[in-house]
Amino acid sequence: MSLVIASQFDDGFNEGLRALPLRPTVINAPEETPWEIANDADVLLVRPSPAWRSNREHPRPAIWPGRLRWVYSGSVGVDFYPRWLLDAPLVSCGRGVASEEIADYVIAAIYLQAKNLEAVRARDLAQWKQAPLGRVAGSTIGIIGLGAIGSAVARRALALGAHVTATRRRRLPSPVDGIEMFDGLAEVIVSADHLLLALPATDATRKLVGAALLAHAKPTAHLINIARGSVLDQEALIAALDSGRLGFATLDVTDPEPLPADHRLWMHPLVRLTPHVSSNYTVVRDLQLEKVTQNLDRFIRGQKPSDLVDPLQGY
């Protein structure tokens, strides 16, 4: 009997799975209730679709995890899913698949803020004036969360001549040479001209970056959040921007997503808001398929897939 994979991914991705040498049987997971496929498949491929997002408090179904032996999340974060998703025998994630794309987004945001070419754009002779531009080389980029994304940003920043400071939950050596590591978040925030939030969303990190930590920021600092909206206290962010205690914020994630129509972040003059696009998902689909393929090969040989999610840590 062939391996049965239930997938929430698109048709092109699923066709790629069917073409693999192991010739798995690939079936579509129900879009509105993907968990109901648990008794019909060995492997479930999920993405943070509206069905999961709107049912995070859904009680654990009696059938879960059914015959499932492995659940793979295309996203790195698993905070969009109900906690009982992690009760499957194995749960792994797409860690690293979109890291390079997200790092490019971060560097683009840094250059956009530092150089601000639109502000010096000349539209007529009267505007033809010299004006100083900011610098990336020589600036300090502080990173909170030095996983795959934080490391990818650090490598780029160092290559551009920036100084990089960082902190991570576990006191391990830096994965990238040249980073100045700190034990505390406040030390990183104090140092940063551009502050990147790249930490996982868990109960422990909810609104971790709030008024107390933002008080350590330079008044000219640029905060960038590509992690999850929940790690940042958005009201504290607005207060810091309004009072001049923080310079600017680039947010690719919010809490909730999307924000209510009347939320101040939509039109705040010191906020650049993008609709969770930094992963550039459609571009990295081939990398996603490559990762799933490699892990399927490990799985059928009796090995555990890479990038397992720790149910206790939540990432």
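The largest nonpolar core here holds 44 residues, and L17, L45, I143 and I226 have the most contacts inside it. Such a core is a set of buried Ala, Val, Leu, Ile, Met, Phe, Trp, Tyr and Cys residues joined through side-chain atoms within 4.5 Å, where buried means under 20% relative accessible area with a 1.4 Å probe, protein chains only. This is a predicted model, in which local features need pLDDT of at least 70, side-chain atom pairs count only at pLDDT 80 or more, and totals for chains, interfaces and linings use all residues. Residues are numbered from 1 along each chain as its sequence is written, and side-chain values use heavy atoms, leaving out hydrogens and water.

- Elements giving two or more residues to the 44-residue core include helix 1 (11–18), strand 3 (43–46) and helix 8 (285–300); helices (H or I, at least four residues) and strands (E, at least two) are DSSP runs numbered from the N terminus.
- Helix 3 gives the most to this core, with eight residues.
- A second, separate core of 29 residues includes L197, I238, A240 and L265.

**Helix 1 against helix 8**
- These helices pack at an angle of about 35 degrees, with axes 11 Å apart; axes are lines fitted to C-alpha atoms over the stretch in contact, and angles run from 0 to 180 degrees between N-to-C directions.
- From helix 1, G12, F13, G16 and L17 meet R285, Q288, L289, V292 and L296 of helix 8, contact meaning heavy atoms within 4.5 Å.

**A buried serine**
- S49 lies in the loop between strand 3 and helix 2 (50–53).
- S49 is buried, at 1% relative accessible area.
- Beyond neighbours within four places in sequence, S49 contacts Q8 and E31.

Definitions and conventions:
Buried < 20%, exposed > 50% of the residue type's maximum accessible area, 1.4 Å probe, protein only.
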